[in-house]
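Here are my notes on the model, as numbered points. Please read them with the structure open.

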2 protein chains.
Amino acid sequence: MSTGFSFAIDARDGGARVGELSTPHGAIETPAFMPVATYGAVRGVSADELRAAGAQILLANTYHLEERPGSEVIDGQGGLHGFTGWRGPWLTDSGGYQVTSLAGRSRLDEEGVTFESSIDGSRRLLTPETAIQIQERLGSDIAMVLDECQPSGTDSAATAALRAAAERTLRWAERSARARRRADQAVFGIVQGGTDSALRRANAEGIAALGFEGYAHGGLGLGEEPTQRADLVAATNEALPAASPRYLMGIGYPSDLVDAIAAGIDLFDCVIPTRHARHGVLFTREGVLKLRNARFKQDAAPPDPDCDCATCAQHSRAYIRHLLRVNDTLGARLASVHNLRFYLRLLEEVRTAIRAGSFDSLREKVRAAPVR
Amino acid sequence: MSTGFSFAIDARDGGARVGELSTPHGAIETPAFMPVATYGAVRGVSADELRAAGAQILLANTYHLEERPGSEVIDGQGGLHGFTGWRGPWLTDSGGYQVTSLAGRSRLDEEGVTFESSIDGSRRLLTPETAIQIQERLGSDIAMVLDECQPSGTDSAATAALRAAAERTLRWAERSARARRRADQAVFGIVQGGTDSALRRANAEGIAALGFEGYAHGGLGLGEEPTQRADLVAATNEALPAASPRYLMGIGYPSDLVDAIAAGIDLFDCVIPTRHARHGVLFTREGVLKLRNARFKQDAAPPDPDCDCATCAQHSRAYIRHLLRVNDTLGARLASVHNLRFYLRLLEEVRTAIRAGSFDSLREKVRAAPVR
């Protein structure tokens, strides 16, 4: 266990649980949602606004930051905490997903992932070891291991590829564990295995045996049904240490979150609230508002009359719609603050409901809202 | 004089003066700088941030707002004060300058300016009367008359065109004065005449005879030397009522502001601080910083160690440079907050210096800084 890092579960309600995750830069009440700060900032939104919206921890993308400004620069500025405006806890991903999805041509072998830099076209290599080293320079409180994500398929070749990726993910996790040097940084392992429940479970047992400070469910959100996903998460969790935090990566809509929380998930990240905000789609408990729609042209109501965010306290649907239409970046900013507050407040309500033993009824309410 | 509108001069130092301009939505200490909120917002910056930076009054562009969302919409939302997040005083321009510079093909005759809408290509007509009517719907505290701006030239055709434009501006000012209906909105006349001092002075006498609540110097900043501009302003001011506020439109750099203040100017607006910010050019008393320059890559200092703005209190040159490079809109926002605070604080220092009788020495200091 790293210095300054611990996890304590305070309350349970069925599979759902409330905990406190301590890090060297502050404690996080779980279940928690991590806003995505790709380049070290949630686009257009300040650290003060994130704090006011209830954010406890941010996620930054290692691949993006290594491209610009480079982890050496951030290391020289005191890591993410010194470089950015957010002094609280940071989680960084390994960069593996972005390397294969965003960079120029990439090739994966046992050593790691070779890719072309989007900045200068140069060939670069991301390995389990360099992924840890880059994240150590970034100075995040929680680093993620490099993993291999394979889509599930039905033929025998796809099944074999899925199994090979899970096995490689386990070998890479061993290399990651050996590569770590920082005592003040937690590292989370990642479970792969696609939609094959037995494979995921076996992979989880192998990853758990390596003794990470937390465990993530990878390779989900790629097309499986939400109920199937919740079943996979629940089955996999049985193979993970109950006392460790569990993180469902890159998921999802509010209903996905409450389903996963029922299956025992403690941590989430997702671009949905901020990406939707930039497209003018705002979350409310009654469903989403598509603010670019002409029917909001003269709508003087706040985006969500039940919301306590800074945007809803001061601005109308008509004004935010106008700003989005004229591409004034204040529009995306105001919408982002609202959507983040919606997600972060939902998690606050989830924690309260779990403590009160009423999580199931909150979950049903969230699932009933047409928020897609 | 409109209801709720007055101007009182408190102190003088040479030609410079400190005054208080009262409007229905609050008082403005002059000399004052008005941040430009083209579409009803200073791009990416919130009303709270503008207030914290010391803004007292904002300028909105009538042409832009009439195109989107339309003055009818804003009227229906309680005018600019109800529609936007800024509840303090607003000044609107007439839209004339934008119609001729930004809209599709435009044609100017005695009736007004015919132009093609950039939204739907339809033919529209902006007249002295409709310019006032649109601004009355926008509900600004100060409206501007429609004027005709002609570049100065040296041949006899250019001289004749300049004279004709000044005479038309005077006739349009008469029509504007007759068209106004709102008792709670001030209207400022605009003096034209290019760089012809005698023509400007004669035009000012005609405009002043119409009895507006304030007077603007139009058609400057089009290539004349700063010293020539200050001379033109000073000469024209002699023909304007000393007790009325004087506004130099669309100007300029800090040195231009102090020169114009010495010539008796009370109000300014300019896009320079916000436009420069978006391009990564930050003002300091020691000169400008071009933050995109590689030498700031590892610079942990705040943009301006002497600045008291929210950006300089929390962020480094290296971080803002990074955000600008990755096109995170937080970068332009943080830079805008700083540059606006730089301008607004300069005006605070100007007012203090005028009251103390030390304006000349402040002016010399500002002129010495290489801020272009």
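1. Start with Arg12(A). This is a predicted model. Arg12(A) has 15 C-beta neighbours inside 10 Å, so Arg12(A) counts as partly exposed. The buried class would need 20 or more such neighbours, and the exposed class 12 or fewer. Arg12(A) belongs to strand 1 of chain A.

2. Strand 1 covers residues 6-13 of chain A, and strand 2 covers residues 16-23. The two pair in the antiparallel sense, over 7 bridges. Ser6(A) faces Ser22(A) of strand 2 across the pair. The hairpin has 2 residues between its strands. Gly14(A) takes a positive phi there, near 65°.

3. Chain A has two domains to keep apart. Domain 1 runs over 6-270 and domain 2 over 271-363. Their centres, taken over C-alpha atoms, are separated by 26 Å. The contact between them involves 28 residues of domain 1 of chain A and 27 residues of domain 2 of chain A.

4. What supplies the domain 1 side of that contact? At least two residues each come from strand 1, strand 2, strand 4 (32-34), helix 1 (47-52) and helix 10 (254-262) of chain A. Helix 10 of chain A provides the largest share, 4 residues. By class, this side of domain 1 of chain A has 19 nonpolar, 4 polar and 5 charged residues.

5. A further sheet in chain A deserves a look. It is open, has 3 strands in the order 7-8-9, and pairs antiparallel. Strand 7 (106-108) and strand 9 (123-126) stand at the edges; each has a single partner strand, so one side of each is left without a neighbour in the sheet. From one strand to the next, the twist averages 20°. Strand 8 (residues 113-116) is joined to strand 9 of chain A by 4 bridges, and the two run antiparallel. Within that pair, Val113(A) is opposite Leu126(A) of strand 9.

6. Now the second copy. How is chain A laid on chain B? A turn of 180° with a shift of 0.0 Å along the axis does it, with an RMSD of 0.0 Å. The two copies are therefore related as by a two-fold rotation axis. In chain A, the C-alpha nearest the axis belongs to Thr329(A), at 3.5 Å from it. The same surface serves both copies, as 100% of the contact residues of chain A recur in chain B.

7. Last, the make-up of the chain contact. It takes 30 residues from chain A and 30 residues from chain B. On the chain A side, helix 3 (71-76), helix 13 (317-325) and helix 14 (329-356) each supply at least two residues. Which of these helices gives the most? Helix 13 of chain A does, with 5 residues. The side of chain A that touches chain B divides into 12 nonpolar, 12 polar and 6 charged residues.

Key: Residues are numbered from 1 along each chain as its sequence is written. Chains are lettered from A and ligands numbered from 1 in the order in which they are written. This is a predicted model: local features need pLDDT of at least 70, side-chain atom pairs count only at pLDDT 80 or more; totals for chains, interfaces and linings use all residues. Copies are superposed by least squares on the C-alpha atoms of residues with pLDDT of at least 70 in both. Two residues are in contact if their C-beta atoms, placed from the backbone, lie within 7 Å. Two strands pair if DSSP finds at least two bridges between them. Axes are lines fitted to C-alpha atoms, for helices over the stretch in contact, and angles run from 0 to 180 degrees between N-to-C directions. Domain bounds come from an automatic or database domain assignment. Ala, Val, Leu, Ile, Met, Phe, Trp, Tyr, Cys and Pro count as nonpolar, Asp, Glu, Lys and Arg as charged, and the others, Gly among them, as polar.
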